[in-house]
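Trainee: I'd like to understand how the parts of this chain sit against each other. Could you walk me through it?

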Amino acid sequence: MASIFAFYFFMELVNGIYTIQGIDVAEIARQFGTPVYVYDGSKIASQIKSLKNAFSDTDVRIKYAAKALTNVSILKLVKQNGAGVDVVSIQEAQLALGAGFAPAEIMFTPNCVDFEEIIQGVELGLTVNLDNLSVLEKFGKKYGNTVPCCVRLNPHIMAGGNYKISTGHSNSKFGISVYQLQEIMQLANRYQIVINGLHIHTGSEITETDVFLRMAEILFGIAQDFPALKFIDFGGGFKVAYKQGDLVTNVYDLGLRLSKAFKQFYQSYGRKLELWIEPGKYLVSEAGYLVVKTNVVKATPSLTFAGVDSGLNHLIRPMMYDAYHEIINISNPGGTQKVYTVVGNICETDTLGADRKLNEVREGDLLVFKNAGAYGYSMASNYNSRFRPAEVLVVNGEAKLIRRRDTLEDLLRGQIDIF
Ligand code: LLP
């Protein structure tokens, strides 16, 4: 059955109705209420497939960056499609283990955590990635040559959509500087640490293949000094389109060129290694839609606002990164276009989209935010004591609830009334 739906990779307008895998999106909103996150499972599957195809010439291991969207059903879907997972906290690791990932398939890349958390990672059997010299020293003292680890390097490359999501530059808190290689080697020798992987993640939304190739050159140069490698991890950061005409990472070009460089490298290294990548946005961003209802249309002397039943509590990216999320009025596809500022109902200036041309918006109309799959729900909060949305996954032409909307009990859970 799945192949029947395999062609519907985006929400599309069919006979005046917006559909995902043939299902009316407005019907999903009626059934599950708004605001609701809706994910298209076939899009996630097709993104994984495209990466496998792009890197088919090498032993690629896709480690989905779970922080983008951690719902257990999504994790299971990712696993069913043959990917592993990358986690950044012991809690994400526990979710991944619960979803059925084998411990060794899980890459654990924490930063600035208590060493206890790293011990827990080792005890769970995860592949542990260390990003600080003091942590490497503690690791060496505790485990010597009994537990291998990966090392995260900072290559001093500025890359990615903007400063806030760039992680490999010289002022970044992430990774051990490539200029501290000597110290890494000294610790490795002193404690006989078995370093079985090298890792770099330079940031999110990197469009240029050349950035990855520069990163690769740095890694290949360093890798010769590490005889026990099993893999090299090039991180994530592949850019998808947020609006028409956006530059994106050409994963086919990347796959071809990186695989070629990798092969040349491991021939001189003397042994075949695995090539790891950690896509988050690439796998889930375009698969997700946030469907909201317009509560009010508010015309002021300067602007017309569409005020919706959501806000920065559900989708923080526009306010946090000035991110652009395309908005569509799915209730009025033929309506005359007008300009709106789409805002949430939070007691903050929570502008979700400024100066947007939308088909006329009437109170009650459903608006859809695109690219809501990555860092949407996973960064959502209960600010203003509002409920986080429900989540729905469309698989094999069926819309299934994968998380119910919060309730008052959720808001009170954990609170202790001392009066
Ligand atoms: N690997 C590591 C070690 C990471 O820290 C990240 C993201 C990824 C992989 C996946 O990056 P992606 O492929 O999704 O670009 N919240 C921000 C993005 C922050 C990403 C943090 N690390 C946003 O909404 O744009």
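Mentor: Taken over C-alpha atoms, the centres of domain 1 and domain 2 lie 32 Å apart. This is a predicted model, where local features need pLDDT of at least 70, side-chain atom pairs count only at pLDDT 80 or more, and totals for chains, interfaces and linings use all residues. Residues are numbered from 1 along each chain as its sequence is written, and side-chain values use heavy atoms, with hydrogens and water left out.

Trainee: Which residues make up domain 2?

Mentor: The bounds come from an automatic or database domain assignment. Domain 1 gets two pieces, 3–38 + 285–408. Domain 2 is 42–284.

Trainee: How many residues of domain 2 are in contact with domain 1?

Mentor: Contact means heavy atoms within 4.5 Å. Domain 1 brings 28 residues to the interface, and from domain 2 the number is 24.

Trainee: What area is buried between domain 1 and domain 2?

Mentor: Buried area is the accessible area (1.4 Å probe) that two parts lose on being put together, summed over both. Carbon and sulfur atoms give 55% of it here, and the total is about 2200 Å².

Trainee: Which residue forms a salt bridge with Glu205?

Mentor: The rule wants a side-chain nitrogen of Lys or Arg within 4 Å of a carboxyl oxygen of Asp or Glu. It finds two salt bridges across the interface of domain 1 and domain 2. With the closest N and O atoms 3.2 Å apart, the partner of Glu205 is Arg317.
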